[in-house]
Amino acid sequence: MFGAALGALPAFIFTGFMVIAGEAINILTAQLGEVAGIATGDVAPNVTGLVAFGPVFGPHIAFAGGAAATAYAAKNGKMDTGFDYHEGKNILYAFGTEPDILLVGGVFGVLGMFIRQLSGGLALPWDPIAMGVTLSAVAHRLAFGYPLVGEARGDGLLDMSPFARGDTRTAAGGDVAADGGVEADRLAVEPWLPHQYKWSGVAVLGLAAGILGAYIALVTESFFLGFGISAASLLFLNLGVEKIPVTHHITLPASTAALILGSGPDALVALAVGTVFGVYGALAGEVHQRVFYAHSDTHWDPPAAAIVVTTFTIAVLAIIGVFPDSGWVPVPV
């Protein structure tokens, strides 16, 4: 309900700030413990786990609930914001005190928590929170009658050239609108981020943010600080600053892979492997946006889906012995 009231993206930005706060507390507490010669890990407040990733700001609850509320509101004609894409994708929009919309957000928040608890409880080999966000999007599309993938209007699902040409759905054959007319103003293909969809740019962004994510993890010994910084940076995107990149699906796998391999003599190897996982996360997100976002009518979160893919890969590498362990990523015992 909080995610619906505030808006899905603003709620996720709060997640980022709380991750930064939680990891800062963890790092400071550890340093103070070293100075004092005492173990403080068991007494430090788990702000990251209980607040940022918990029932307050957890993306599987607040963000996913907000996205579902947006899909519901758009389906029922309760949004007319002039958004460039289908209104069901406008995750910046806050619904304030609309009771039915808040309740829809709450229901899907419960669903997200259930998916996270089930996945984590069974130690399924991926990030259970990211899986909660992803499956919640599947659920709200099915529940409200939206297409799961949508119709490819170019040369297949991966083709973004209709967007580059500015083709509309009228030019691509036309979609009948609710009033019997045709959606002449809607683009034939709607990339998740108009400034972040070309393969070369996405790969280079993955390289840059991957290096940063891996480095931050190695110097702070925090799996999640890079993710928090990436998520918090979306404040500028939410405020309308153009071309702000989205990078949390890059920094999280990069940080995780690098810190699993550790610092010390192998730090350069860890940095390199983390960077590779950053590029992997960036490209995985792009594949997901082309298949599940660009042709349908509601928000499908490419970063969450990419984190599922990259953390599953990390878990598999740990299971077969390539990685010494899987870090925070669950693996079945």
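Predicted model: local features only at pLDDT ≥ 70, side-chain atom pairs only at ≥ 80, totals over all residues.

Visitor: How much space lies in the largest cavity?
Guide: Residues are numbered from 1 along each chain as its sequence is written, and side-chain values use heavy atoms, leaving out hydrogens and water. A cavity is a set of points on a 1 Å grid over the protein atoms alone where a 1.4 Å probe fits but cannot get out, and its volume is what probe spheres on the points fill, with points joined across faces, edges and corners. One cavity of 30 Å³ or more is counted, and the largest holds about 50 Å³.

Visitor: Which helix gives the most to the lining of that largest cavity?
Guide: The lining (residues with an atom within 4 Å of a point) consists of F63, A64, A67, V133, S136, A137, H140, H299 and D301. Helices here are DSSP runs of H or I, at least four residues, numbered from the N terminus. Both α4 and α6 supply at least two of the lining residues, but the most, four residues, come from α6.

Visitor: How many charged residues are in the lining of the largest pocket?
Guide: A pocket is an open set of points with protein on both sides within 12 Å along at least five of seven lines. The largest pocket has a volume of about 970 Å³ and 46 lining residues, with L9, I91, W192, L234 and D301 nearest its centre. Counting Ala, Val, Leu, Ile, Met, Phe, Trp, Tyr, Cys and Pro as nonpolar, Asp, Glu, Lys and Arg as charged, and the others, Gly among them, as polar, the lining has 31 nonpolar, eight polar and, as charged residues, seven.

Visitor: Helix α6 packs with α5; how are the two oriented to each other?
Guide: Helix α5 (residues 99–121) and α6 have axes 8 Å apart, at an angle of about 135°. Axes are lines fitted to C-alpha atoms over the stretch in contact, and angles run from 0 to 180 degrees between N-to-C directions. Under 35 degrees is roughly parallel, over 145 roughly antiparallel, 65 to 115 roughly perpendicular and the rest oblique. So α5 and α6 are, to each other, oblique.

Visitor: At what angle do α11 and α12 pack?
Guide: Helix α11 spans residues 267–293 and helix α12 residues 302–319. Their axes lie 8 Å apart, and α11 and α12 are therefore oblique to each other. The angle is about 135°.
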